[in-house]
Amino acid sequence: MARLAPARRAALAAERRGQILDAALRLWTAHGFDATTVDALAREAGVAKGTVYLYFATKEDLLAAAVERWSLRPELAALEPAFGARPLEDAIPRIAAQLWARLRAAAPLLGLLLRELALRPAEARRFLEAAVLPANAAFADFLARRRRAGELRDVDPYVAARAFVGSLVIFAWTQHVLGGHALRPIEDHAVVDTASALFLRGILAPAPAPTRRRGAARGRRGAGGAARAAGVGGRGPRAARRGGAP
């Protein structure tokens with residue numbers, strides 16, 4: 001039997017790994033993390049129980065892999081090569097659109113994480129360290145470079161990054177996990193455009209005020225004096241009335 005090439009073997013392993021992760025997410029969403037057994041997971045994924053353990057030693061490892069798969073870190077880590085040459089007014093709406101699409105696709109996992117990690121402090125810390133904090137740090141680095149270039153006002157880039165990403169996460173959770181979309185539908189473009197506009201208004205450096213040239217100001221004063229002398233300005237007619245006709 002011919003041996004598979006390394007690239008083909010790696011592709012098959014990634015496919016099988018994704019197959020198990022997809023099955024886990026379906027079962028977790030329907031039954032919860034604790035109620036999902038490895039036997040049930042193997043049946044749902046269509047693999048042997050030993051195959052599950054081949055890729056994931058524990059259920060916690062499986063949860064961590066699901067978090068990594070659906071985290072925002074890949075998008076945020078690629079900001080500089082993707083948007084570094086664009087002005088922020090153009091880059092931020094594009095970034096928001098990418099993040100929002102990712103969050104909508106990951107809504108079932110988002111609901112699961114918020115429910116399960118609240119009961120597991122150790123896993124919550126692992127989630128923060130592996131997914132949330134690195135993603136925010138990548139966005140903060142992107143904003144810090146723009147602040148050094150003078151595009152941003154004097155704000156903390158890390159706090160600004162967390163505020164922007166966090167607002168989208170909470171909006172996705174309330175709309176697509178808690179059911180807000182059924183009660184008050186909001187178009188995706190409205191979320192992206194509004195979040196981007198509010199964020200940009202808060203972080204962009206104000207445009208410099210136009211400066212008046214001293215020479216131009218003197219010229220205007222000189223012109224005003226000449227007009228008054230000719231009787232065209234505001235005081236000319238009154239002076240003419242007081243003095244009478246020459």
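This is a predicted model: local features need pLDDT of at least 70, side-chain atom pairs count only at pLDDT 80 or more; totals for chains, interfaces and linings use all residues.

Visitor: Why are helix 1 and helix 2 called oblique to each other?

Guide: Helix 1 (residues 6–31) and helix 2 (residues 38–45) pack at an angle of about 120 degrees, with axes 9 Å apart. Roughly perpendicular covers 65 to 115 and roughly antiparallel starts over 145, so this pair is oblique.

Visitor: Which residues make that contact?

Guide: Helix 1 brings Q19, I20, A23, A24, R26 and L27, while helix 2 brings A40, L41, E44 and A45. Sorted by class, that's seven nonpolar, one polar and two charged residues. Helix 1 passes helix 2 in a right-handed crossing, by the way.

Visitor: And what makes helix 1 oblique to helix 8?

Guide: Their packing angle is about 60 degrees, and the axes lie 10 Å apart. Roughly parallel means under 35 degrees and roughly perpendicular begins at 65, so oblique it is for helix 1 and helix 8. This crossing is left-handed. L25, W28 and T29 of helix 1 meet P108, L109, L112 and R115 of helix 8.

Visitor: On to the holes. How do you know where empty space is left?

Guide: You roll a probe the size of a water molecule over the atoms, and that shows it.

Visitor: What makes something a cavity rather than a pocket?

Guide: In a cavity the 1.4 Å probe fits but cannot get out, whereas a pocket is open. The structure holds two cavities of 30 Å³ or more. The largest cavity comes to about 40 Å³, and its lining is V38, L41, V52, Y53, F56, T58, K59 and L62. Helix 2, helix 3 (49–55) and helix 4 each supply at least two of the lining residues.

Visitor: What lines the second largest cavity?

Guide: L21, D22, L25, A66, R69 and W70 do, with helix 1 and helix 4 each giving two or more residues. Its volume is about 30 Å³. By class, the lining has four nonpolar, no polar and two charged residues.

Visitor: How big is the largest pocket, and which residues are closest to its centre?

Guide: The volume is about 540 Å³. Of its 24 lining residues, L72, L110, F127, V132 and V169 are the closest to the centre. Helix 9 (121–148) is among the elements giving two or more residues, and its six residues are the largest share.

Visitor: How does that lining divide by class?

Guide: Into 19 nonpolar, three polar and two charged residues.

Notes: Residues are numbered from 1 along each chain as its sequence is written. Side-chain values use heavy atoms; hydrogens and water are left out. On a 1 Å grid over the protein atoms alone, a cavity is a set of points where a 1.4 Å probe fits but cannot get out, and a pocket is an open set with protein on both sides within 12 Å along at least five of seven lines; lining residues have an atom within 4 Å of a point. Grid points are joined across faces, edges and corners, and a volume is the space filled by probe spheres set on the points. Helices (H or I, at least four residues) and strands (E, at least two) are DSSP runs, numbered from the N terminus. Ala, Val, Leu, Ile, Met, Phe, Trp, Tyr, Cys and Pro count as nonpolar, Asp, Glu, Lys and Arg as charged, and the others, Gly among them, as polar. Axes are lines fitted to C-alpha atoms, for helices over the stretch in contact, and angles run from 0 to 180 degrees between N-to-C directions. A crossing is left-handed if the near helix is turned anticlockwise from the far one by less than a right angle, and right-handed if clockwise. Contact means heavy atoms within 4.5 Å.
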